[in-house]
Amino acid sequence: MPQNHYRKCFVKLVQVICLLTLFHTIDGICNPFRNSSENLFMCHQMAMDQEAAQKRKKVEKRQQVYLQRVVSQSTVPIIWVLGGPGSGKGTQCAKIVEKYGFSHFSTGDLLRDEVASGSDKGKELQEIMKKGELVSNAQVLSLLETAMKKVTNSKGFLIDGYPRQKDQGAAFEEAIAPVDLILYFECRDETMVARILHRASQSAEVRADDNEDTIKTRIATFSKNTNEILVLYPQQTRRIDAERGVDDIFGDVQNFIDATLAIKVAS
């Protein structure tokens with residue numbers, strides 16, 4: 001009896017081992033098929049991602065070619081509008097757009113829109129702006145170029161608040177086109193501080209950079225950098241006294257723009 005019992009146990013053990021071996025063999029046979037299926041899916045997904053990336057590049061390329069073609073036309077001017085915070089350049093830009101139909105791009109608005117979007121980039125920009133520091137040129141130029149590419153049939157490009165550093169002007173001209181006219185609105189520091197604080201008190205929107213300490217930091221930074229920019233563009237720069245009334249200021253603006261347009265047409 002004991003021998004028969006041991007023999008039966010041994011037979012069962014052998015059967016179990018055989019079954020385990022069989023299952024392992026079948027699994028080994030099936031795995032390549034499963035792996036092949038997974039690999040095929042991954043390759044298909046990678047191909048789709050690559051195709052989408054190529055399509056985006058083609059669209060960006062077409063937009064870039066269009067932008068360069070537009071700005072290369074002799075009658076389409078590129079105008080930089082510079083002035084410290086509270087100098088009134090935003091008001092003047094609105095009047096320019098109304099009269100001439102130019103496309104207006106405010107780097108300040110582009111930055112604030114990015115912040116309002118709540119994106120990771122927007123949060124990073126918000127921290128920089130709270131301190132009254134300048135956002136990097138690469139980030140600003142990227143936002144600006146993207147916005148300009150979306151415009152069709154422009155009569156002129158009005159770049160508000162850019163460049164803010166001397167190397168930004170060179171980067172803009174290399175990436176897009178040379179500037180034709182620079183309108184610089186000159187204003188005393190005291191006047192700009194008073195205007196911004198008044199604007200803040202009247203606005204329902206609280207801007208992170210509208211406090212007196214930050215305003216003074218912004219003005220000091222602006223003055224230093226703008227002087228370095230204007231030295232590089234003596235022929236294109238037109239200085240405008242921004243302490244006067246809106247209409248008096250705009251009278252000078254019109255004269256400078258009309259003169260620039262006349263030169264563009266003649267050339």
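Trainee: Which residue of strand 3 does tryptophan 80 stand opposite?
Mentor: Isoleucine 159. Keep in mind that this is a predicted model, where local features need pLDDT of at least 70, side-chain atom pairs count only at pLDDT 80 or more, and totals for chains, interfaces and linings use all residues. Residues are numbered from 1 along each chain as its sequence is written, and side-chain values use heavy atoms, with hydrogens and water left out.

Trainee: What makes strand 1 and strand 3 a pair?
Mentor: Pairing takes at least two bridges found by DSSP, a strand being a DSSP run of E with at least two residues. Four bridges join strand 1 (residues 78-83) to strand 3 (residues 157-160), so they pair, and the two run parallel.

Trainee: What is the order of the five strands in the open sheet?
Mentor: 2-3-1-4-5, with parallel pairing. Strand 2 (103-106) and strand 5 (237-241) each have a single partner strand, so one side of each is left without a neighbour in the sheet.

Trainee: Why is serine 87 called buried?
Mentor: Buried means under 20% relative accessible area (1.4 Å probe, protein chains only). Serine 87 has 3%, so it counts as buried. This residue lies in the loop between strand 1 and helix 2 (89-100), a helix being a DSSP run of H or I with at least four residues.

Trainee: What does serine 87 contact, leaving aside its neighbours within four places in sequence?
Mentor: With contact meaning heavy atoms within 4.5 Å, the partners are Phe185, Cys187, Met192, Arg195 and Ala242. Separately, a polar atom of the serine 87 side chain lies 2.8 Å from the backbone oxygen of glycine 84.

Notes: Buried < 20%, exposed > 50% of the residue type's maximum accessible area, 1.4 Å probe, protein only. Polar contact = N/O pair within 3.5 Å; in protein donor to acceptor, adjacent residues only side chain to side chain.
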